[in-house]
Amino acid sequence: MDLPARDQFPFWAELVSRELAPLTLSSPNTGSFPAWASVLDVSSVRVAAFNSPPAHLKRTWADIRRADPGTYQLTFVSGTPLWINQRRQDSGLVCGDMVLFDLSHPFEGAVPDRGRHTQVVIMQVPREELPLPPDKVHRLLAQPLSTRSGMGAILARFLTTLDAYGPDCHPRDLSRLGAMALDLAGACLAQHLDAYDDLPAETRQQAMLARVNAFIDHNLGDPDLGPADIAAHHHISVRSLHALFRQQGETVAASIRRRRLERCHADLTDPRMRQRPISAIAARWGFLRPADFSRAFRAAYGVTPRELRQAALRGLPRRNGLR
């Protein structure tokens with residue numbers, strides 16, 4: 001939406017208060033305030049992405065009396081750092097990690113002006129649906145939560161992917177994704193609290209499945225990747241691993257093969273990879289025998305790898321003799 005410069009910040013402040021909760025925003029950039037937002041409701045969870053110039057935000061008891069959604073706000077921060085202060089706890093500058101705050105209590109936050117926009121992906125979680133005691137969760141308010149490894153990394157990646165591709169999903173799929181988001185948020189916070197045993201068994205199962213899937217995606221290039229290695233890495237039995245995958249409707253081996261073929265399909269249609277031999281692409285994703293790869297690829301896509309690449313190249317502009 002194109003607005004006159006003088007109207008941009010007031011519009012933005014009203015939008016944020018409407019989509020999240022009533023709060024007060026101020027900014028030195030009130031003359032011109034180019035910003036954008038997206039909001040996606042996935043069952044009881046709301047995922048919102050905001051990209052804006054630096055601003056100061058504050059939520060008071062008066063704001064809470066106007067509207068209290070009863071939610072925690074788990075925020076993944078990139079771009080310019082963000083700090084939050086709530087319940088006498090101060091996050092310091094957070095960037096590349098997450099920070100949690102409770103919309104039922106006053107807080108204050110700001111983004112320092114470093115000449116860049118702040119980018120956040122926010123997950124609003126109903127307090128009563130988070131499977132952890134509030135007194136424990138409150139220990140994490142306004143504290144930086146690492147996304148460098150473990151469940152934090154998985155949750156941050158899930159949220160950014162959900163923001164990017166969620167709008168294209170069927171409502172039935174969004175409901176399932178909302179349940180996954182709750183499980184991952186619970187597991188992430190439990191990991192930071194060292195309270196994993198407080199989670200319901202189903203939530204622990206879903207969190208383990210997410211960890212296993214992330215491990216598989218990271219190791220698809222290993223031709224020896226298989227159920228035994230995956231189970232050993234996660235300290236579970238092979239039998240338990242197969243039981244986890246029954247929830248997904250495919251075996252561990254079938255899941256690995258499907259993902260490898262998907263990566264090969266993406267590389268074969270990528271113009272940047274058109275000079276790389278097909279056998280090298282196959283080997284990159286764990287297929288060491290060209291004949292086995294070609295047979296599996298054709299069974300999955302109805303064409304050979306070479307036929308797919310040629311069809312993709314025909315749609316490209318001429319360059320160095322290629323179409």
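**Aromatic cluster, cavities and strands**

Tutor: Phe 9, Trp 12, Phe 33 and Phe 50 form one aromatic cluster. This is a predicted model, in which local features need pLDDT of at least 70 and side-chain atom pairs count only at pLDDT 80 or more, while totals for chains, interfaces and linings use all residues. Residues are numbered from 1 along each chain as its sequence is written, and side-chain values use heavy atoms, with hydrogens and water left out.

Student: How many helices and strands are there in the chain?

Tutor: Helices (H or I, at least four residues) and strands (E, at least two) are DSSP runs, numbered from the N terminus. On that basis the chain has 12 helices and 11 strands.

Student: How are the rings of Trp 12 and Phe 33 arranged: stacked, edge-to-face or tilted?

Tutor: Rings of Phe, Tyr and Trp (its six-membered ring) pair if their centres lie within 6.5 Å; planes under 30 degrees apart count as stacked, over 60 as edge-to-face and the rest as tilted. A search of the whole structure finds seven aromatic pairs. For Trp 12 and Phe 33, the ring centres are 6.3 Å apart and the planes stand at 45 degrees, so the pair is tilted.

Student: Which parts does the pair of Trp 12 and Phe 33 tie together, and how many residues apart in sequence are they?

Tutor: Trp 12 belongs to helix α1, and Phe 33 to the loop between β1 (24-26) and β2 (36-42). The pair therefore ties together parts that are 21 residues apart in sequence.

Student: Is Trp 12 buried or exposed?

Tutor: Buried means under 20% relative accessible area, exposed over 50%, and partly exposed in between (1.4 Å probe, protein chains only). Phe 33, at 3% relative accessibility, counts as buried. Trp 12 has 6% relative accessibility, so this residue counts as buried.

Student: What is the volume of the largest cavity?

Tutor: On a 1 Å grid over the protein atoms alone, a cavity is a set of points where a 1.4 Å probe fits but cannot get out; lining residues have an atom within 4 Å of a point. Grid points are joined across faces, edges and corners, and a volume is the space filled by probe spheres set on the points. There are two cavities of 30 Å³ or more. The volume of the largest is about 270 Å³.

Student: Which strand gives the most to the lining of the largest cavity?

Tutor: By class, this lining has 15 nonpolar, four polar and no charged residues (Ala, Val, Leu, Ile, Met, Phe, Trp, Tyr, Cys and Pro count as nonpolar, Asp, Glu, Lys and Arg as charged, and the others, Gly among them, as polar). At least two lining residues come from each of α1 (5-19), β3 (45-52), β5 (71-79) and β10 (118-126). With three residues, the element that gives the most is β10.

Student: Which residues line the second largest cavity?

Tutor: This cavity has a volume of about 40 Å³. Its lining has seven nonpolar, no polar and no charged residues. The lining residues are Tyr 72, Leu 74, Leu 100, Val 125, Leu 130, Ala 185 and Leu 189.

Student: Which residue of β8 stands opposite Leu 74?

Tutor: Strand β8 (residues 98-102) is mostly covered, with five of its five residues buried. Two strands pair if DSSP finds at least two bridges between them, and β5 and β8 pair in the antiparallel sense over five bridges. Opposite Leu 74 stands Leu 100.

Technical notes: On a 1 Å grid over the protein atoms alone, a cavity is a set of points where a 1.4 Å probe fits but cannot get out, and a pocket is an open set with protein on both sides within 12 Å along at least five of seven lines; lining residues have an atom within 4 Å of a point.
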